[in-house]
Amino acid sequence: MAEHEPVSGLAVAVVREDGRWRCGSMDTSALTELDAAITELRRMRSTGAVFGMLAVDDEFFILLRPAPGGVALMLSDAAAALDYDIAADVLDLLRVDPPDEDDDELWPAGDLGVLADLGLPAAELQVIVDDVDLYPDEQLQMIASRCGFGDEFARLLDQLQQ
């Protein structure tokens, strides 16, 4: 589980306060260090929802949502734990064993209902995860649209790509 090459991707913090959505870029360390991502999200003070969306190396995505008793996590592909420390850390926190190296089946780990209260039921998140023709950032765009902050997410992506 060594990361010998730099990890690329997208780390977005999402906040809903007073009925308005805000998306902001997180520090790039959030793509490799789960603790860094959780800490950054916990620092955001809001009376509404706060969660993170990480797309790592065009391979998988992580949804993380701090809660008073811990953090709710969803990893789009548990097999990513074989190659990425951050995915292994997610499985460790979830107390889920990583799949065998020869298992090529895609399976998510964690709470598929992590965003159910924001308009994305677990069954719909499962459909998004199962769409292997999409890159993780495209899957996150679908999640953002379904929850109601698709435009804000798209604007942030445009800013990051300039």
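**Reading a sheet and a helix pair**

Mentor: Start with two helices: the axes of α4 (residues 136-147) and α5 (residues 150-160) come within 7 Å and cross at roughly 145 degrees. Axes are lines fitted to C-alpha atoms, for helices over the stretch in contact, with angles from 0 to 180 degrees between N-to-C directions. Helices (H or I, at least four residues) and strands (E, at least two) are DSSP runs, numbered from the N terminus. This is a predicted model: local features need pLDDT of at least 70, side-chain atom pairs count only at pLDDT 80 or more, and totals for chains, interfaces and linings use all residues. Residues are numbered from 1 along each chain as its sequence is written, and side-chain values use heavy atoms, leaving out hydrogens and water.

Trainee: Which residues of α4 and α5 make the contact?

Mentor: Two packed helices are described by the angle and the distance between their axes. Here Asp137, Leu140, Gln141, Ala144 and Ser145 of α4 meet Gly150, Phe153, Ala154 and Leu157 of α5 (contact: heavy atoms within 4.5 Å).

Trainee: Which residues of α4 are buried?

Mentor: Residues three or four places apart point the same way, because an α-helix has 3.6 residues a turn. In α4, Pro136, Gln139, Leu140, Ile143, Ala144 and Cys147 are buried (under 20% relative accessible area, 1.4 Å probe, protein chains only). Their directions from the helix axis to the C-beta atoms fall within an arc of 140 degrees, so they line one face of α4. Their cover includes β2, β3, β4, α3 (122-130) and α5.

Trainee: In what order do the strands of the sheet stand?

Mentor: Strands pair through backbone hydrogen bonds, either parallel or antiparallel. Six strands form an open, antiparallel sheet, ordered β2-β1-β3-β4-β5-β6 (pairing needs at least two DSSP bridges). β2 (20-25) and β6 (109-110) are at the edges with a single partner strand each, so one side of each lacks a neighbour in the sheet.

Technical notes
Buried < 20%, exposed > 50% of the residue type's maximum accessible area, 1.4 Å probe, protein only.
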